[in-house]
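Please look over the sequence and the structure shown here before reading the report.

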Amino acid sequence: MSEIAREAAESLWTGLGRRDFVRAVAALSAGAGVAGVASACSPGGSTSTPSATSSSFTILQPGQGEPSGDHYLQSTPDQVLWGYVPNVHTAPAMQMASGETVTIDTVSHEGVLEDQGRDPVEFFGAHGVVGSDVLADAIGVAADYTRTPRNFDKDGPHVVTGPVFVEGAQPGDVLKIEILEAIPRVPYGVVSSRHGKGALARQSDGGAPEGIALSEVMPPVGTDGRSHSNPLLYGNVSTFTAVVDGHGIMKYGDAQVRFPLNPFMGMMGVAFSQDPDPTAATAHSVPPTVGGGNIDIRLLGEGATFYLPVFAEGALFYVGDPHMAMGDGEVALTAMEGSLRGSYRLSVCKPGSGDAPSVAYRYPFAETADAWVPIGLSDPDGALNGNGTDLDVAMRRAVVNALDFLETDRGMDRPTAYAYLSAAADFSVSQVVDKTVGVHGQVYKSHFA
C-alpha cells in the first residue's frame, strides 16, 4: 500500500501543494480512496480510523490541529537532513524575529530506518497500527529523501528539521530556547538496540567492552548479522511500545511493563560545523557538540530552557530525535523514540545583557523551574579528532561549569561552591551512547531562595 501512496503522491503533488500533499499520502497509504483524500485535505484534526494503540488519541498529521507558534515548520523531504545536522553554511528553512515562537513537527527516525525496511506503513502495520495512523511526513522522508546519500552504516539515524534563522543572532551571542510544548503526534514509539552500539555493545574487534563478558553483550553476539550487506539481516532489535493513558506499554510474554511518558526533544542545536560539506564528520548527527545537537538530557521537556552559544549568523536552530520517554543514560542505544510537535520561543541574548547564564556564552547550559543544569561533554569539538568517550571527562567538565556558574552568576567563592556541590547538587549521566557522552548536574534553585 505504501507503493500505491508513492505513485499517487507524484500525480497529486502539483495540484495539492506540499501542505495538502502530505495529508493525502497518509490517507492513500491507508487505502482511503478519493473520499479519504478529501477528508485528509480538509481543516481540523485527524480523520483516521482508530487503531489498537490510538483509541481516543488524535494523530497530528502535518498541517492538522492548531500549531501554537507564530511560525510553523514541517518535516518535508526537502527541508530535513537525514543523519546530519546543519552547518554554518546551510540555507535556512525559515526566518523569524528574536522573541517569536515556532512550532515544528518532527519525525522520529525509528520506523523509517533501513534495518526496519525504510517503509513505516509496513513496519508499524506489523505492530497493528493502521495506515492512516502512520505520519505522512514519515512516509515522505522514507520514500523521497534525496538531499544527501543514505549509507546506513555511516550516516546518523536522525531526521533533523531546520535550520531556523533567528534575526539578530551573531557569533558570540547566546540563543535562548524556551521549550513551550512537546506533544506526541502518534500513540506509539520504538526503543531500538543495535549491534555495536549501546552501553553493552560488542567492540569493533569482536570482543566485549571492558568490564563485561562476551556473553553479556547486548544484543547477544550470536544474533549479530552485520556480515550481511542488507541491514534487514543485521539482527538489530526494535521494541514497539504502545501509548495508553499517557504511559508507554511494553509487553513481554503474558505480562507488561508500564511507565510514564516524558516527552522531550533529544536534539536541539545551532549550527557549529564550519565544514561546507553537509556530510562532514563534524556535522554527523550522533555526537553532541558545544553547539548542542544530540544532547539527550531528559530534563529538557516542557517548561525547561536551553541556552546555546551561537557560531553562525542567525544561529541556525534545528531540532530532531524526538523522545517520548528516556531514562538517564539511554543505555540500550535509543530512548522511546516517537514523533513530537514541539513549540519554542527563540531569543537572542547579547554578551553583558544578563539575559543568559555566563557559562552559556561558551558551553551548553539549561534550567528547569527547579534547577540550574550545568552540562559536561566528553569531547565536544564535533568529532574533529574522533570522539572521546570518557565519562570522567564529561563529569569534570560539568562540575567546572557548575563552579563557574556559581562563582560568576551567584557570587559564591569557589571553595564554598565546590563544597556545596558535593553536599547538595546532583550529577547524572545524560547518555552513554552518542560517541561523545554526557553528564548533567542539577543545582537546586530553592537552596538560594
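The report below goes from the chain as a whole to its sheet, its helices and some local backbone features.

## Overall make-up

This is a predicted model, and its protein chain contains 6 helices and 20 strands. Of the 449 residues in the protein chain, 55% are buried. Among the contacts in the protein chain with a separation of 6 or more, 77% are between residues 24 or more positions apart.

## The nine-stranded sheet

An open sheet of 9 strands runs in the order β1-β4-β16-β6-β13-β17-β18-β20-β19, and its pairing is mixed. Its edge strands are β1 (71-73) and β19 (426-431), each of which pairs on one side only. On average, and with direction ignored, neighbouring strands of this sheet are turned by 25° against each other.

Strand β13 (residues 305-309) has 5 of its 5 residues buried, so it is largely enclosed by the rest of the structure. In a regular strand the side chains alternate between the two faces of the sheet. In β13, T305, Y307 and P309 point one way while F306 and L308 point the other way, and all are buried. Strand β6 (residues 174-184) is joined to β13 by 5 bridges, and the two run antiparallel; within this pairing, L175 has L308 of β13 as its bridge partner. β13 is also joined to β17 by 3 bridges, again in an antiparallel arrangement, and here T305 stands opposite E367 in β17.

Further along the sheet, strand β18 (residues 371-377) and strand β20 (residues 438-444) pair in the antiparallel sense over 5 bridges, with W372 standing opposite V443 in β20.

## Helices α5 and α6 and the sheet

Helix α5 lies across β17 (365-367), β18, β19 and β20, and runs at about 140° to β18. Helix α6, in turn, lies across β19 and β20, running at about 95° to β20.

How do these two helices meet? The axes of helix α5 (residues 391-409) and helix α6 (residues 414-424) come within 9 Å and cross at roughly 125°, and the two helices are therefore oblique to each other. The crossing in which α5 passes α6 is right-handed. On the α5 side, the contact involves V399, V400, A402, L403, D404, L406 and E407, which meet R414, A417, Y418, Y420 and L421 in α6. By class, the residues of this contact of α5 with α6 divide into 9 nonpolar, no polar and 3 charged.

## Helix α4

Helix α4 (residues 136-144) has 7 of its 9 residues buried, so it is largely enclosed by the rest of the structure. The buried residues of α4 are A136, D137, A138, I139, G140, V141 and A142.

## Cis peptide bonds and positive phi values

Most residues other than glycine have a negative phi, and most peptide bonds are trans. Against that background, the peptide bond from G162 to P163 is cis, with omega near 10°, and P163 lies in strand β5 (residues 159-166). The peptide bond from M218 to P219 is likewise cis, with omega near -15°. P219 is found in the loop between β7 (188-193) and β8 (237-244), where its relative accessibility of 4% means that P219 counts as buried. Not counting residues up to four places away in sequence, P219 touches S193, R194, H195 and V237. The C-alpha atoms of P219 and A201, which are 18 residues apart along the chain, are separated by 7.5 Å.

Two residues other than glycine have a positive phi, namely R118, with a value near 50°, and A315, with a value of about 70°. R118 is placed in the loop between β4 (101-105) and α3 (120-125) and, at 23% relative accessibility, counts as partly exposed. A315 lies in the loop between β13 and β14 (317-325) and, at 0% relative accessibility, counts as buried.

## The loop residue P278

Where does P278 lie? P278 is in the loop between β11 (264-270) and β12 (292-293) and, at 36% relative accessibility, counts as partly exposed. P278 and V85 are 193 residues apart along the chain, yet their C-alpha atoms are separated by 7.7 Å. Not counting residues up to four places away in sequence, P278 touches Y84, N87, T148 and A283.

Notes: Residues numbered from 1 in each chain as written. Predicted model: local features only at pLDDT ≥ 70, side-chain atom pairs only at ≥ 80, totals over all residues. Heavy atoms only, no water. Axes fitted to C-alpha atoms, helices over the stretch in contact; angles between N-to-C directions. Helix = DSSP H or I, 4+ residues; strand = E, 2+ residues; numbered from the N terminus. Parallel < 35°, antiparallel > 145°, perpendicular 65-115°, else oblique. Left-handed = near helix turned anticlockwise from the far one by under 90°. Contact = heavy atoms within 4.5 Å. Nonpolar A, V, L, I, M, F, W, Y, C, P; charged D, E, K, R; others polar. Buried < 20%, exposed > 50% of the residue type's maximum accessible area, 1.4 Å probe, protein only. Pairing = 2+ DSSP bridges.
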